Amino acid sequence: MMHVWQDGRIVVPEEAHVSIADRGLLLGDGLFETMAVHNAQVFDLDAHLERLASGLGVLGFVQAVDFLKLRSGIARYIAAEEASCAVLRVTVTRGAGPRGLAPPEAPRATIFMTLSPMPPACETPLSLHVATVTRRNEHSALSRIKVLPYLDNVLALSEARAQGADDALLLNTRGTIACATVANVFVIREGRLETPPVCDGALPGTMRALVLCLAKQAGLAPAENSLHVRDLAQADHFFLTNSVSRITEARQCNGLPLGRRAGAAVERLCALVASRFDAK
């Protein structure tokens, strides 16, 4: 296993420790970012760090993180591990604090990073299941940041796997589609590339933003629209995006087939995204 970066030190995993009083452990008081390392560089690093800073601002301890040191730490860690193609996860917690919910006045953030092998590309389109065990709370500010508690996603994925599906779609409290467990969702219909807006509980994913930016080059009109499960049957194509798997197509939902009539447009999007990676 690769080494771990913790608070400026690169150590073997057995030497990395989090305080029993760490608020990330006890309360989920923290954030994380998952990034693709390509050609020994983090793809879209600026966008990831901007989202991390924005999330820390929501939680109220952005001042506890030195982003210049974090950026240099990422570079040093990747170089030390000679990671040409990998998945980097950066986790930031508010650090240790006294008992109770009230945060310390001057938090000392805990920061650690891990590198993992890049998973193989998905060769076959996914099967999906609409989760019933939980819903995404689009009214919460936490739906718009990558906060540590991910148990809604864990429960949804467990339900999907129990039904023989690869992944789950999470609905929000109004019953419209918010996201998959670790991905944003897109449909193509009538020449439009549509994805749920952030106000519907969709995480503002970095790959989501890139795909929306590239839509016109692929011959599609980008749009952020609320999506219902019933919309999926009429869609020409359905796919998921995240920063590691990039674009992953889906073939069915709740056992019913999904349209795959816009394959040429999806191929153009995939090629455009790949060209951005190769340009780094």
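In which strand does Leu 115 lie? The views below, taken from a predicted model, begin with that residue.

View 1. Leu 115 belongs to strand E6. The residue is buried, because its relative accessible area of 5% falls under the 20% cut-off. Its contacts, not counting residues up to four places away in sequence, are Met 2, Val 37, Tyr 77, Ile 78, Glu 81, Ala 83, Ala 86, Val 87 and Leu 88. One of these partners, Val 37, sits 78 residues apart from Leu 115 along the chain. The C-alpha atoms of Leu 115 and Val 37 are separated by 9.0 Å.

**View 2. The largest nonpolar core.** This core has 27 residues. Leu 70, Ile 74, Leu 88, Val 90 and Val 92 touch the most other members. At least two residues of the core come from each of these elements: strand E3 (30-38), helix H2 (45-59), helix H3 (67-81), strand E5 (85-93) and strand E6 (110-117). Which element gives the most to this core? H2 does, with five residues.

**View 3. Leu 70 and its partners.** Neighbours within four places in sequence are left aside here. Leu 70 is then in contact with Leu 49, Leu 52, Val 65, Val 90, Ile 111 and Met 113.

**View 4. Helix H2 against helix H3.** The two helices pack at an angle of about 140 degrees. Their axes are 12 Å apart. An angle over 145 degrees would count as roughly antiparallel, so H2 and H3 are oblique to each other. Their crossing is right-handed. On the H2 side, the contact is made by Leu 45, Asp 46, Leu 49, Leu 52, Ala 53 and Leu 56. H3 contributes Phe 67, Leu 70, Arg 71 and Ile 74. By class, the contact of H2 with H3 has eight nonpolar, no polar and two charged residues.

**View 5. Helix H5 against helix H7.** Helix H5 (residues 206-214) packs on helix H7 (residues 263-279) at an angle of about 115 degrees. The axes lie 10 Å apart. The crossing of H5 and H7 is right-handed. H5 supplies Met 207, Leu 210, Val 211 and Leu 214 to the contact. From H7 come Leu 269, Leu 272, Val 273, Arg 276 and Phe 277. The contact of H5 with H7 divides into eight nonpolar, no polar and one charged residues.

**View 6. Asn 39, a loop residue with positive phi.** Most residues other than glycine have a negative phi. Asn 39 is not a glycine, yet its phi is positive, at about 55 degrees. The loop between E3 and strand E4 (41-42) holds Asn 39. Is Asn 39 buried, partly exposed or exposed? Asn 39 is partly exposed, with a relative accessible area of 43%.

**View 7. Glu 82, in the loop between H3 and E5.** Glu 82 has a positive phi of about 50 degrees and is not a glycine. Is Glu 82 buried or exposed? Glu 82 is exposed, because its relative accessible area of 71% is over the 50% cut-off.

Definitions and conventions: Residues are numbered from 1 along each chain as its sequence is written. This is a predicted model: local features need pLDDT of at least 70, side-chain atom pairs count only at pLDDT 80 or more; totals for chains, interfaces and linings use all residues. Side-chain values use heavy atoms; hydrogens and water are left out. A nonpolar core is a set of buried Ala, Val, Leu, Ile, Met, Phe, Trp, Tyr and Cys residues joined through side-chain atoms within 4.5 Å. Buried means under 20% relative accessible area, exposed over 50%, partly exposed in between (1.4 Å probe, protein chains only). Helices (H or I, at least four residues) and strands (E, at least two) are DSSP runs, numbered from the N terminus. Contact means heavy atoms within 4.5 Å. Axes are lines fitted to C-alpha atoms, for helices over the stretch in contact, and angles run from 0 to 180 degrees between N-to-C directions. Angles under 35 degrees count as roughly parallel, over 145 as roughly antiparallel, 65 to 115 as roughly perpendicular and the rest as oblique. A crossing is left-handed if the near helix is turned anticlockwise from the far one by less than a right angle, and right-handed if clockwise. Ala, Val, Leu, Ile, Met, Phe, Trp, Tyr, Cys and Pro count as nonpolar, Asp, Glu, Lys and Arg as charged, and the others, Gly among them, as polar.
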